[in-house]
Number of protein chains: 2
Amino acid sequence: MELPERKRRILKAIVENYIETAEPVGSKTLADRFEAPISSATIRNEMSELEELGYLEKPHVSAGRIPSYAAYRLYVNELMDRHRIATGELEAMRLMMQAKMREIDNIMVSASKVLGEMTRHTTVSMISHTGGKTVRRCELIDVDGGYSYAAVLVTESDVKNKMIRLSRLVEPATAAVLTTALNLAISEGRLEYLLPSLSQSMGEDSGVYEMAMTVLDFIRETQQGGKPEIYIDGAARLLDNREYQDTQRARELLEYFSDRGRVGELLEGGEAPNLINVRIGPELQDPSMRDASLVFTSYQIDQNTRGIVGIIAPARMDYADACAKLIAFTQAVAGVTGQGMKRLKDTGESDERRNQESDRGPGRSPGR
Amino acid sequence: MELPERKRRILKAIVENYIETAEPVGSKTLADRFEAPISSATIRNEMSELEELGYLEKPHVSAGRIPSYAAYRLYVNELMDRHRIATGELEAMRLMMQAKMREIDNIMVSASKVLGEMTRHTTVSMISHTGGKTVRRCELIDVDGGYSYAAVLVTESDVKNKMIRLSRLVEPATAAVLTTALNLAISEGRLEYLLPSLSQSMGEDSGVYEMAMTVLDFIRETQQGGKPEIYIDGAARLLDNREYQDTQRARELLEYFSDRGRVGELLEGGEAPNLINVRIGPELQDPSMRDASLVFTSYQIDQNTRGIVGIIAPARMDYADACAKLIAFTQAVAGVTGQGMKRLKDTGESDERRNQESDRGPGRSPGR
DNA sequence: CGTTAGCACTCATTCTGCCTGAGTGCTAAA
DNA sequence: TTTAGCACTCAGGCAGAATGAGTGCTAACG
């Protein structure tokens, strides 16, 4: 049951007008705005039908109408203009990324900042290691004469370290032996046998055993990808939006943002890389996000490191612009990584293919 | 020119009433609140004199009065009750810290969270390495066959690592030689001679030279203490305060918080460790903080790592409570580090002395 | 039959004037 | 020096009227 053309055009106009002004839009305003001369009365009729279909809502009887979440969904899926990206914009984005992006650790922060700069919205960025990392080597470095060690893990793309504090003394020499054993176990892929054999030879009460346990936990955590890192930029910009002038609403959202874990969950369920995902209001599940939307996409950083970056704004956000900026962003990143990080990728995927994919625009996620 | 006793008592009452209610306080209210029966008329006279002295302000003619910044300053320096800490509170704080504080990296976050939990305000936490760290060892670990290395620095209390990406290939064997040279230079304290000698033997155009330069920068950065890490917790709680119901004000402050660097500067100019510093409104210099106050203190984590933790709230905050909580906090941390991190300190300072110091309460910073 | 003009009706918002009450400053008496 | 009394100020709250944007319905029109 497709919506007839005129209804679609009217709905589109309403959504866009509301996005722009944040005021309920009335039949007269709309009639003026239209190229094809349709009278306000006709629009009124169409509007009341659109309301019955669930696309419009009335805040009260004598105000105009505002789009429902379903309307936003329809707008994003079918109505809005794609490919709005000004090419100048893309170039600017690429330059910004190039300037800011030096190390992998910073991609996340740069992504948020650049995108925030361009959209003037709150942005969120995450790096997750899909499928986890392969740990290649492990070093234990004595820090204070036997009570504290730094465990350093080398993966194929990164190095992580963690302080280990022990309750018993472990001689550096003993630690060195453990290091060798660990690296042997790593290269042979038999990490799981290390602990039992250790407990047999040293007893579970020894400092080495304690140490090995902690290190193995650390390795396992790294292998599983660890917790993804999350960065949020421009949270304060939320307050620029009319809908968050009411402090209570704003507080809820800001509170939500401070719980990185929950924000991470939001970004988890994205579709294929380089597709734009749009989650509108209630689709985000969480009650404090009920009148906000999230537009996000992911991009490949290296073989198994994925970056995700998104824009959080009120449901009445400019979806077309957000999508365009995100597409421009992924292209810019592809350009930069293509130059600066080529060596990190051994995947055969060519840049051309990736750009094509991203041009497809938003995926049609099931609005539920 | 000391303020006479009665004026002091009246001013104290006004400040406390205002802290509690956030409403301008009038003569009648105050008269009722007083044990010693003074008539509202007398209070009115005293009030108008206090106003002339610059301690009180009138929002408008027929409202009560509110304390000026000078009044807060006087309150903090001379008027308020010290040592309000409930011993139960201290114990609770210690338990919370003990539970949350596992690794040094987390002290910062734990400090903010625990303190935020207890005060229900925004808290800020910073770790800075006073005088920098002594780098003891350096390792260069090959990551992708010669184009990327992980530089790992071991200091006396910590391990840091950083990815180094090179534009030219450097053989792992060559890197190993560089590592040896670096460690030799480190142990002999002649780092500054390494680069010139390298440029002579390899030429400035070699990959090794590029690598050495980057590593030396990293070492220097670490030695100088690097950038302090900063964590802010509960920024959203700002919005709970009456004075930030006005979104514009709130936005300014939140924006300010998102610039870590500026927040760091605030915390830099603190007095001796374990003294409570109070910066009221305009004393903070920055216009966006004009009606906020910052109460903070520092605590020793190890020989040359200092933690700073503070509470940010509207100028009308409960200073006595904030100070008490901060004192309790430093004591709790001393307790925890005393148990769990004793080995990290080789300083002769005893815990007793430190606690005494902290009991002195807020230092009299020059209100300017 | 779809479209349009006209009209009565609704209702949030704004403005107005009025009132109230908290609080002040001043004066004169204790 | 303190207090009581009184006139005065002014923000905030409330009620009612005016405004105007917008709707729904009906009847006429092409």
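The model is predicted: local features need pLDDT of at least 70, side-chain atom pairs count only at pLDDT 80 or more, and totals for chains, interfaces and linings use all residues. Residues are numbered from 1 along each chain as its sequence is written, while chains are lettered from A and ligands numbered from 1 in the order in which they are written.

In the surface near DNA strand D, the largest share is that of α3(A), with 4 residues. A residue is near a molecule or strand if its C-beta atom, placed from the backbone, lies within 6 Å of it. By this criterion 20 residues surround DNA strand D, and the closest are A:Gly26, A:Ser27, A:Ser62, B:Thr42 and B:Ser62. They divide into 6 nonpolar, 11 polar and 3 charged residues. In this classification Ala, Val, Leu, Ile, Met, Phe, Trp, Tyr, Cys and Pro are nonpolar, Asp, Glu, Lys and Arg are charged, and the others, Gly among them, are polar.

Which residues are the closest to DNA strand C? They are A:Thr42, A:Ser62, B:Gly26, B:Ser27 and B:Ser62, out of 20 residues that surround DNA strand C. The elements that each supply at least two residues of this surface are α3 of chain A and both α2 (27-33) and α3 of chain B. Most is given by α3(B), with 4 residues. By class, the surface near DNA strand C has 6 nonpolar, 11 polar and 3 charged residues.

Next, the domains of one chain. Chain A is divided into domain 1 (5-79), domain 2 (87-131 + 228-359) and domain 3 (135-223). Such bounds come from an automatic or database domain assignment. Between the C-alpha centres of domain 1 of chain A and domain 3 of chain A the distance is 64 Å.

The two chains also touch each other: 26 residues of chain A are in contact with 25 residues of chain B. Contact requires that the C-beta atoms of two residues, placed from the backbone, lie within 7 Å. On the side of chain A that touches chain B, the elements giving two or more residues are β5 (148-155), β6 (159-165) and α10 (247-258) of chain A. Of these, α10(A) has the largest share, 6 residues. This side of chain A is made up of 15 nonpolar, 6 polar and 5 charged residues.

Both β5 and β6 of chain A belong to an open sheet of 3 strands in the order β4-β5-β6, with antiparallel pairing. Strands count as paired if DSSP finds at least two bridges between them. The edge strands, each pairing on one side only, are β4 (135-142) and β6 of chain A. From one strand to the next, the twist averages 20°. Angles run from 0 to 180 degrees between N-to-C directions, and axes are lines fitted to C-alpha atoms, for helices over the stretch in contact. β5(A) and β6(A) are joined in the antiparallel sense by 7 bridges, and A:Ser148 stands opposite A:Arg165 in β6(A). Helix α7 (residues 172-188) of chain A lies across β4 and β5 of chain A, at about 175° to β4(A). Helix α9 (residues 207-223) of chain A lies across β4, β5 and β6 of chain A and runs at about 30° to β5(A).

Chain B has an open sheet of 3 strands in the order β4-β5-β6, paired antiparallel. There, 7 bridges join β4(B) to β5 (residues 148-155) of chain B, and the partner of B:Cys138 in β5(B) is B:Leu153. Helix α7 (residues 172-188) of chain B packs on this sheet, touching β4 and β5 of chain B, and its direction makes about 175° with that of β4(B).

Helix α9 (residues 207-223) of chain B lies across β4, β5 and β6 of chain B, running at about 30° to β5(B). Helix α8 (residues 191-202) of chain B packs with α9(B) at an angle of about 170°, with the axes 10 Å apart. α8(B) is therefore roughly antiparallel to α9(B), a term used for angles over 145 degrees. Among the residues making the contact are B:Leu191, B:Leu194 and B:Leu198 of α8(B) and B:Val208, B:Ala212 and B:Ile219 of α9(B). By class, this contact has 11 nonpolar, 1 polar and no charged residues.

Notes: Angles under 35 degrees count as roughly parallel, over 145 as roughly antiparallel, 65 to 115 as roughly perpendicular and the rest as oblique.
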